[in-house]
Amino acid sequence: MNVKVKQKIPLKIKRMGINGEGIGFYKKTLVFVPGALKGEDVFCQITAVKRNFAQARLLTINKTSPFRVQAPCPIYDACGGCQIMHLQYDKQLEFKDDLIRQALKKFKPAGYENYDIRHTIGMDTPYHYRAKLQFQTRAFKGNVKAGLFQEGSHRLVNIKDCLVQDELTQAIINRVVALLEKYQVPIYDERRTAGVRTVMIRKAMATNQVQLIFVTSRELFLAPVIKTLTAEFEEIQGIAVNLNRSKSSEIYGDKTEIILGRATIEEEVLDYQFSLSPRAFYQLNPQQTQVLYGQAVAALDVSENDHIIDAYCGVGTIGFAFADKVKSVRGMDIIPEAIADAKKNAQRMGFDNTYYEAGRAEDIIPKWYQEGYRADALIVDPPRTGLDEKLLQTILRYQPAKMVYVSCNTATLARDLVALTKVYQVEYIQSVDMFPHTARTEAVVKLSKK
């Protein structure tokens with residue numbers, strides 16, 4: 001390598017990487033600089049030297065990109081939750097187009113050079129879009145704080161006014177923190193104290209209903225906190241406690257108990273309403289979810305005799321968009337509460353052509369096929385880890401004629417397309433900006449059997 005740790009170097013930024021960092025070459029060494037933008041000339045200091053690249057800290061900008069803006073968030077540099085707020089928003093959307101191209105170029109699925117990659121659909125107002133927060137809690141000299149761990153560290157960044165978080169949920173977590181401190185509720189510490197370790201708050205945008213989960217490492221007396229919260233925030237419809245005694249980084253334990261109010265809140269997407277249990281998955285950005293699911297519906301292009309499998313179905317949200325257009329919809333999810341919600345939602349909407357089962361897609365789909373069920377179309381919306389290898393092989397074996405892949409990770413999407421394009425043609429990829437100011441995007445991929 002041509003650089004050493006602590007060395008200060010000039011660098012021309014040639015492009016942006018998958019995490020939103022600037023990338024340049026110094027004497028043929030690849031250097032990643034968080035905070036730098038394409039087209040800038042910067043002065044930076046090497047912080048780490050790896051086998052094939054180096055990392056550096058931005059010191060000064062000698063030539064500034066015309067698309068650089070002042071990030072309006074006061075804790076932007078400390079938090080790390082957003083990576084590209086310093087980039088003009090229309091250019092953020094172009095960057096997210098490029099994220100998909102970079103991933104495809106790395107993994108090289110068949111014919112990737114000619115894929116129709118459609119421009120990322122953005123938001124008119126890309127702020128306060130996150131309807132759910134999941135903040136860690138810690139106590140410092142008797143003062144309770146809540147927020148996120150700084151990237152690559154175990155240092156909690158106290159967040160009181162997040163510009164991408166829904167304002168009501170932020171107001172509630174701020175009050176939760178004040179009440180935990182006032183009533184001296186024990187706060188979790190990895191080494192000494194059992195207590196509240198995480199607070200989850202989610203708001204249904206359609207109804208303004210809110211649900212909370214207190215994740216604790218032991219049973220606690222929360223009555224005065226809960227009494228005050230429900231008196232001050234009429235939007236709170238249900239409060240749950242999740243007991244997690246584990247020392248691992250897993251956020252939740254196995255059991256979630258509703259201790260006050262309703263077990264679900266009511267949300268809407270497209271033209272239907274559904275219920276959400278506290279731990280059931282739903283997209284973080286409800287406004288853009290309307291756009292995302294609309295794109296999924298258009299991409300699958302179903303007919304009335306089609307049978308659909310909705311893998312990773314959650315509470316059934318994507319599948320419900322097709323239920324009145326097809327012969328049957330079947331879905332599965334690993335969270336039993338989500339499947340219970342899906343069944344109740346389908347029943348309430350009057351769908352008698354749906355079937356939901358708790359378990360892993362890679363286990364359930366082969367079982368259904370062995371029982372004689374055949375799918376004409378498949379929807380997959382996997383977690384960031386992408387499709388399980390067993391599920392990939394199942395898809396390649398049974399080959400539904402039509403498929404839509406909804407991805408939240410361009411890298412695992414491109415990886416999975418290497419296998420899928422052995423059987424399927426990629427018709428197009430439509431990116432939707434579900435996470436403005438971050439280096440993440442969501443994509444809808446229309447696939448048809450060759």
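**Helices and rings**

Modeller: The axes of α9 and helix α10 (residues 410–420) come within 10 Å and cross at roughly 35°. Axes here are lines fitted to C-alpha atoms, for helices over the stretch in contact, with angles running from 0 to 180 degrees between N-to-C directions. Helices (H or I, at least four residues) and strands (E, at least two) are DSSP runs, numbered from the N terminus. Keep in mind that this is a predicted model, where local features need pLDDT of at least 70, side-chain atom pairs count only at pLDDT 80 or more, and totals for chains, interfaces and linings use all residues. Residues are numbered from 1 along each chain as its sequence is written, and side-chain values use heavy atoms, with hydrogens and water left out.

Biologist: Which residues of α9 and α10 make the contact, and how many of them are charged?

Modeller: Contact means heavy atoms within 4.5 Å. From α9 come L392, I395 and L396, and from α10 come D416, A419 and L420. Ala, Val, Leu, Ile, Met, Phe, Trp, Tyr, Cys and Pro count as nonpolar, Asp, Glu, Lys and Arg as charged, and the others, Gly among them, as polar. By class, the contact has five nonpolar residues, no polar ones and one charged.

Biologist: How many aromatic pairs are there in the whole structure?

Modeller: Rings of Phe, Tyr and Trp (its six-membered ring) pair if their centres lie within 6.5 Å; planes under 30 degrees apart count as stacked, over 60 as edge-to-face and the rest as tilted. Searching the whole structure on that basis gives nine.

Biologist: What kind of pair do Y355 and W368 make?

Modeller: Their ring centres are 5.9 Å apart and the planes sit at 65°. That makes the pair edge-to-face.

Biologist: Where do Y355 and W368 lie?

Modeller: The pair links distant parts of the chain, 13 residues apart. Y355 is in strand β18 (residues 354–358), and W368 is in helix α8 (residues 361–370).

Biologist: Is W368 buried or exposed?

Modeller: Buried means under 20% relative accessible area, exposed over 50%, partly exposed in between (1.4 Å probe, protein chains only). W368 has 0% relative accessibility, so W368 counts as buried.

Biologist: And what about Y369 and Y398, which kind of pair are they?

Modeller: Y369 lies in helix α8 and Y398 in helix α9 (residues 389–398), so the pair ties together parts 29 residues apart in sequence. The ring centres are 3.9 Å apart with planes at 25°, so the pair is stacked.
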